[in-house]
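Student: I would like a close look at one part of this model, taken slowly and with its surroundings in view.

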Amino acid sequence: MAILSDAVHDLGDCLSLGLAWYFQKISNKGSDSSYSYGYKRFSLMGAVINSIVLTVGSILILTKAIPRIFHPEETHAAGMFLLAIVGVLVNGFAFFRLKKGGTLNEKVVSLHFLEDVLGWVAILIGAVIIYFFNVPFIDPVLSVGIALFVLFNVYKNIRQTLHIILQGIPADIDIAEISGQLQQFKGIEDIHDLHVWSVDGNYNILTVHVVMNKSLELEKIKELKGLIRNSLKQKGIQHATIEFETTDERCDFEKGCD
């Protein structure tokens, strides 16, 4: 049952990895008439589909494994042991190849392989226990443990993905700190209508209205804009849109989105 648990998991990986690769490839395309920010967000589609596949597979295994805890069946421990060795080697190699990926899609795929490695390690240990102590209920118990571990990590990933899709502020961005930092620049009176969101969990975007305490020539505004963008890049903002206003100018968006 534990082997079946990881087998279903691996089958889901095989189906979803192709989609993950496809969406990752699309996400590298630049902007066009259909998507002005480019296709970076398509990588999130791979993360969502992978999470769905893992959830369905894990629930299926739980429905099969839980009854077997109370009615265990004979298990072939030697076969479990050999398959576990192969599983650890194959998935371990794949994990180390992908663990340095930067996008959320790559991180989710890497997590798939890490979960597989841990699952096969658990099966390896379970096979040894069953072989020496003849306790077949260990098999479905391991299966339940693997499925619950997978569901827990899927929950964390889907929560992060939905936060990005709903344009939440990136976790590593402190919007109050950014506002204070911008107001330190000479000539800036106030900051409002400040918004920060992420396209794909890696590429962050900011829009802001900057109120100046005096009028500046275009050349000076260009220089100030460059300084602001450079400081924002150090905070993890790759794309900044800045609108300059004067103190006597009325802004319809001063109090945010209504």
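Student: Which helix gives the most to the lining of the largest pocket, and with how many residues? Please set that helix in context, including its packing and the other pocket.

Tutor: This is a predicted model, and the helix you ask about is H5, residues 138–165, which gives the most to the lining of the largest pocket, with three residues. The space in that largest pocket comes to about 250 Å³. Its lining is made up of 13 residues, and those closest to the centre of the pocket are Gln160, Pro170, Ala171, Asp172 and Gly201. When the lining of the largest pocket is sorted by class, nine of its residues are polar, three are nonpolar and one is charged.

The partner is helix H2, residues 42–70, which packs with H5 at an angle of about 155 degrees, the axes lying 8 Å apart. Because angles over 145 degrees count as roughly antiparallel, H2 and H5 are roughly antiparallel to each other. Their crossing is left-handed, and the contact of H2 with H5 has 20 nonpolar residues, together with six polar and one charged.

The second largest pocket has a volume of about 210 Å³, and its lining consists of Phe185, Lys186, Gly187, Met212, Lys214, Leu216, Lys220, Glu223, Leu224 and Leu227. In this case helix H7, residues 218–233, gives the most to the lining, with four residues. By class, the lining of the second largest pocket divides into five nonpolar, four charged and one polar.

The crossing in which H6 passes H7 is right-handed. On the H6 side the contact is made by Ile178, Gln181 and Leu182, while on the H7 side Ile228, Ser231 and Leu232 take part. Sorted by class, the residues of this contact of H6 with H7 are four nonpolar and two polar, with no charged residue.

Methods:
Residues numbered from 1 in each chain as written. Predicted model: local features only at pLDDT ≥ 70, side-chain atom pairs only at ≥ 80, totals over all residues. Heavy atoms only, no water. 1 Å grid on protein atoms, 1.4 Å probe; cavity = no way out; pocket = protein on both sides within 12 Å on 5 of 7 lines; lining within 4 Å. Points joined across faces, edges and corners; volume = space filled by probe spheres on them. Helix = DSSP H or I, 4+ residues; strand = E, 2+ residues; numbered from the N terminus. Nonpolar A, V, L, I, M, F, W, Y, C, P; charged D, E, K, R; others polar. Left-handed = near helix turned anticlockwise from the far one by under 90°. Contact = heavy atoms within 4.5 Å. Axes fitted to C-alpha atoms, helices over the stretch in contact; angles between N-to-C directions. Parallel < 35°, antiparallel > 145°, perpendicular 65-115°, else oblique.
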